[in-house]
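Student: I'd like to go through this model with you, one question at a time. Can we start with the strands?

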Amino acid sequence: MTSYSRITGTGSYLPPRRVTNDDLAKQLAERGIETSDQWIIERTGIRARHFVDDGVNSSDLALEASRKALESAGRVADDVDLIIVATSTPDMVFPSSAAILQHKLGVAGCPAFDVQAVCSGFVYALTVADAMIRTGTARCALVVGAEVFSRILDFNDRTTCVLFGDGAGAVILEASDEPGILASDLHADGKHVGILCVPGHVSGGEVLGKPLLHMDGQAVFKLAVRVLEEAARTTLAKAGRTEADIDWLIPHQANIRIMEGTAKKLKMSLDKLIVTVHEHGNTSAASIPLALDEAVRSGKVKKGDTVMLEGVGGGFTWGAVLLDL
Ligand SMILES: CC(C)(COP(=O)(O)OP(=O)(O)OC[C@H]1O[C@@H](n2cnc3c(N)ncnc32)[C@H](O)[C@@H]1OP(=O)(O)O)[C@@H](O)C(=O)NCCC(=O)NCCS
């Protein structure tokens, strides 16, 4: 039996169309809606986000990120024996984006499924993959977060449409005698379903309800800061570590104020906070692996570093994963 699972490669992909706050403000002005670069930066830290073009789906973004992760791990798609995609914007109602990704990678046979935990999706997926590796069900997992949130944004609602973006991030997680993932901690509380949701569904060939993102920003903000601190502390306790052991904090990239608030509560220097929200916006399940990959490729986060990943999102869901890279 394997003792640990370890990340051996990372990859990410952003669709080429970069939309700045000014671009978005111009588009919204055409609808008679007012916003500004200054408001968005001050309240969120976001300067730009990337949006897909028509016809590009989550599995397409996932494919590009997966190829890069495989390359950085020195693996090929045939080596992968488990595929998990975290997404709330799948290509279809079914089959899963993971099954579609598997086919696009040119392989078949290994289990492939999606995890739906909104912006906590990647920490959920990583925890599931870790458990499957440690119980011997898999040895080389491809774990992806991929989203096309631009498809579910209400561009008549300035309080939400300025916050999100599209993208994908991926890791290869392999069986290892060395740590690895040290501990994780996952939670959900469905009573908060109404504060962040896309309240639509398919029925009899029609979409019923309003399949566009709805959010009570202030309620989400308060909840997020509280649960991110709790999840980090619980995960550290499970691993027998302290805040001082964390080299890098990579929280879900939703809002710079939430991220800095979490770092401060953990008494961590802001220099240890990985920030990509300014260029990516909130890419939901993709945000953590995108930030991790950028931090690894820039040389900031190195092999041997201890990294805390933290997700929070609709459900409400939240969780953290502590790992040695
Ligand atoms: C959404 C969020 C940025 C709003 O910031 P806020 O400081 O709470 O702002 P408020 O909602 O109080 O709105 C303040 C004012 O700005 C206005 N406003 C909202 N969006 C605006 C925009 N895009 N441009 C300009 N003004 C805007 C509001 O209408 C309000 O105006 P009013 O005072 O005249 O009523 C903030 O609540 C937030 O980040 N929440 C968490 C969201 C999140 O992270 N979600 C994902 C979690 S997974």
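Student: Which residue in E14 is the bridge partner of tryptophan 248?

Tutor: This is a predicted model, where local features need pLDDT of at least 70, side-chain atom pairs count only at pLDDT 80 or more, and totals for chains, interfaces and linings use all residues. Residues are numbered from 1 along each chain as its sequence is written, and side-chain values use heavy atoms, with hydrogens and water left out. Strands are DSSP runs of E, at least two residues, and helices are runs of H or I, at least four, both numbered from the N terminus. E13 (residues 248–251) pairs in the parallel sense with E14 (residues 306–313) over four bridges, pairing being at least two DSSP bridges between two strands, and the partner of tryptophan 248 there is valine 307.

Student: Which residues of E13 point the opposite way from Trp248 and Ile250?

Tutor: In a regular strand the side chains alternate between the two faces of the sheet. In E13, Trp248 and Ile250 go one way, and all the residues on both sides are buried (under 20% relative accessible area; exposed is over 50%, partly exposed in between; 1.4 Å probe, protein chains only). Pointing the other way are Leu249 and Pro251.

Student: Which side chain makes a polar contact with aspartate 154?

Tutor: Aspartate 154 sits in the loop between strand E6 (140–148) and helix H6 (158–161). Aspartate 154 counts as buried because its relative accessible area is 11%. A polar contact is a pair of N or O atoms within 3.5 Å; within protein, one must be able to donate a hydrogen and the other to accept it, and residues adjacent in sequence count only if both atoms are side-chain atoms. At 3.2 Å, the side chain joined to aspartate 154 is that of lysine 210.

Student: Is valine 118 buried or exposed?

Tutor: Look in the loop between strand E5 (112–115) and helix H5 (121–134). Valine 118 isn't a glycine, yet phi is positive there, about 50 degrees. Its relative accessibility is 18%, so valine 118 is buried.

Student: And lysine 267, what is its relative accessible area?

Tutor: Lysine 267 also has a positive phi, near 55 degrees, in a residue other than glycine. Its place is the loop between helix H8 (256–265) and helix H9 (277–280). Lysine 267 is exposed, with a relative accessible area of 73%.

Student: What is omega for the cis bond joining proline 179 and glycine 180?

Tutor: Glycine 180 lies in the loop between strand E7 (166–176) and strand E8 (181–188). For the cis peptide bond joining proline 179 to glycine 180, omega is about -5 degrees.
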